[in-house]
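Reader: I have a protein model open and would like to learn how to read it step by step. Could you take me through its features, with the general idea first and the case itself after that?

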Amino acid sequence: MASAMIAEDGLEGDRARVGKRAVTLIQQEHLAAIGGFLGGRPVAAEVLRRNLVISGINLAALKGREVQVGAAVLRLTIICAPCSRMEEALGKGGYSAVRGHGGWCADVVRPGPVSLGDLVQPVD
C-alpha cells in the first residue's frame with residue numbers, strides 16, 4: 001500500500017489494539033536477518049504482520065521516544081514479541097528467528113497520513 005492513515009487508535013483498517021500496540025514497525029534490515037537465521041532470503045514483511053516497514057534508522061535506540069513518520073507522531077513502547085504462528089508461517093525455527101528482530105510497538109501521539117518513502121525521524 002502506498003499510503004495509509006494513522007488514526008488515534010492505530011492504522012485505519014487494521015485490527016490494532018489501542019495504546020502501546022496501536023501501530024507496529026519493523027526495520028527492513030531485520031527482514032534479511034530473520035531470513036538469514038532460517039538459511040534463506042529475506043522474509044516478506046507481510047508474513048510478520050507489522051504495520052510499517054522502515055529502513056535506515058535504529059528503532060531500538062529510540063525506545064520510549066517519539067518518532068515522526070509522515071505527518072503522524074508515534075511513541076515507541078515495547079518490542080513486538082513473535083507469536084506462536086511464526087513456526088507455521090516460517091517453518092521450524094521461525095519463532096526463534098524472529099525473537100529480538102520482530103520490530104516495535106508504538107502508541108499514537110499525533111494521528112496523520114503516512115506514505116511510502118516518508119522520512120522517519122526522532123522528535124526532539
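**Reading the model**

Author: Let us begin with R49, which counts as partly exposed because its relative accessibility is 41%; buried means under 20% relative accessible area, exposed over 50%, and partly exposed in between, with a 1.4 Å probe and protein chains only. This is a predicted model, in which local features need pLDDT of at least 70 and side-chain atom pairs count only at pLDDT 80 or more, while totals for chains, interfaces and linings use all residues. Residues are numbered from 1 along each chain as its sequence is written, and side-chain values use heavy atoms, with hydrogens and water left out.

Reader: Where is R49 found, and what is its phi?

Author: R49 is found in the loop between helix 2 (45–48) and strand 4, and although R49 is not a glycine, its phi is positive, at about 60 degrees. Helices (H or I, at least four residues) and strands (E, at least two) are DSSP runs, numbered from the N terminus.

Reader: How many helices and strands are there in the protein chain?

Author: The protein chain has four helices and nine strands, and from the N terminus on the elements run β-β-β-α-α-β-β-β-α-α-β-β-β. The radius of gyration is 14 Å, close to the 14 Å that the globule rule gives for 124 residues, so the protein chain is as compact as a globular protein of that length; the radius is taken over C-alpha atoms, and the rule is 2.2 Å times the number of residues to the power 0.38. Of the 124 residues, 39% count as buried.

Reader: Which residues does V53 touch, leaving out those up to four places away in sequence?

Author: A contact means heavy atoms within 4.5 Å, and V53, which lies in strand 4 (residues 52–54), touches I26, Q28, L31 and A45 when residues up to four places away are not counted. The C-alpha atoms of V53 and L25 are separated by 5.8 Å, although these residues are 28 apart along the chain. With 36% relative accessibility, V53 counts as partly exposed.

Reader: How should I read the pairing of strands, and in what order do the three strands of the open sheet come?

Author: Strands of a sheet pair through backbone hydrogen bonds, either parallel or antiparallel. Two strands are said to pair if DSSP finds at least two bridges between them. Here three strands form an open sheet in the order 2-1-8, with antiparallel pairing, and its edge strands, strand 2 (10–11) and strand 8 (112–115), each pair on one side only. Strand 1 (residues 3–7) is joined to strand 8 by four bridges in the antiparallel sense, and A4 stands opposite V114 in strand 8.

Reader: Which residues of strand 5 are on its covered face, and which on its uncovered one?

Author: In strand 5 (residues 66–69), V67 and V69 make up the covered face, whereas E66 and Q68 make up the uncovered one.

Reader: What does strand 5 form with strand 6, and how many bridges join strand 5 to strand 9?

Author: Strand 5 and strand 6 form a hairpin with two residues between them, and G70 in the turn has a positive phi of about 60 degrees. Strand 6 (residues 72–79) pairs with strand 5 in the antiparallel sense over four bridges, and the bridge partner of Q68 in strand 6 is V73. Strand 9 (residues 120–122) runs antiparallel to strand 5 and is joined to it by three bridges, with P122 of strand 9 standing opposite V67.
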